[in-house]
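Colleague: Please pick one residue in this model and give me a close look at it. I'd like its surroundings first, then how the rest of the chain is built around it.

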Amino acid sequence: MVIFNRSAAIGKILRRCHRAVAAKNSGNHLTCFHGLWPVSEQNDFEQHMRIIPDFISETEEKQLHEEIEPYMSRLRYEFDHWDDAIHGFRETERKKWYPTNRDVLERVRQVAFEGAIMPYVHVLDLAADGVIKPHVDSTRYCGNTISGISLLSDSVMRLVRADAEKYQQSSTGTTSKENDVDADANDAAYRHQPEAKLENNFYADLLLPRRSLYIMSHTARYNFTHEILANERSLFLGKPIKKTRRISIICRNDP
């Protein structure tokens, strides 16, 4: 009988994370910085935006997919999301998981979060031609960390520094804007879409390989919009990254 050693598994994942950081420092990395980054901002970003390649195995990917596919396949892809942040998607939230998949989510919790995660895990199924537009998840609905496993496809995530003078979120869920009415309306939204222009700004493109885990927290979570690039713009270090159907298993902590 094989006995699962959870501590050994977590240690293996952390060592893999450390190897990914070492690879990044040697030039073979998953983050490409654009524009003139202030040194302190880039240091904070590198600390708070992490990618762990091969976080799950092919077998674990198959088990996750097999659990969610019967339900997801009954849903239609939507192209008119109520807050205009996502096009070509279907989604659900799931609380109960098969034991093997619960073990995977427990690994996510231990690697990405300092405490408990929200009981309902977000499952977001993006069609091959689907896109996630630039947005910042509201602090009213989730806390300082968002972490997601990428299934079925590679993709490119772009994070752009939001205008600090016009838009700011804090861990308390408050916003600061020129117009108080607009601020109240945005705070009620699940996803904020602040202005974040590439011109005269700094941003980062991140390659999210299939079966990887991204961990977005603190500075990266609050001060940057994030998006999944459409195929016509999906480049990483000049190389086209073709996104097919992509499912992300997303964990968050409480506000």
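Modeller: What follows starts with one side chain and then widens out.

Bear in mind that this is a predicted model: local features need pLDDT of at least 70 and side-chain atom pairs count only at pLDDT 80 or more, while totals for chains, interfaces and linings use all residues. Residues are numbered from 1 along each chain as its sequence is written, and side-chain values use heavy atoms, with hydrogens and water left out.

My pick is R246, which lies in strand β13, residues 246–252. Strands here are DSSP runs of E with at least two residues, helices are runs of H or I with at least four, and both are numbered from the N terminus. R246 is buried, where buried means under 20% relative accessible area, exposed over 50% and partly exposed in between, using a 1.4 Å probe and protein chains only.

Now the wider chain. The protein has six helices and 13 strands, and 50% of its 255 residues count as buried. Among contacts with a separation of 6 or more, 87% join residues 24 or more positions apart. The exposed surface comes to about 12900 Å², with carbon and sulfur atoms supplying 50% of it; the areas come from the Shrake-Rupley method with a 1.4 Å probe, and for residues only the protein chains shown count as cover.

Two backbone spots are worth a glance. R211, in the loop between β8 (203–208) and β9 (213–217), has a phi near 75°, positive in a residue other than glycine. R211 is buried too, at 16% relative accessible area. H218, found in helix α6 (residues 218–223), also has a positive phi, near 45°, in a residue other than glycine; at 30% relative accessibility, H218 counts as partly exposed.

Finally, the cysteines. There are zero disulfides in the structure, a disulfide being a pair of cysteine sulfur atoms within 2.5 Å. C32 is buried at 14%, and C142 is buried at 1% relative accessibility.

Terms used. Lys and Arg count as positive and Asp and Glu as negative; His and the chain ends are not counted. A salt bridge is a side-chain nitrogen of Lys or Arg within 4 Å of a carboxyl oxygen of Asp or Glu. Contact means heavy atoms within 4.5 Å.
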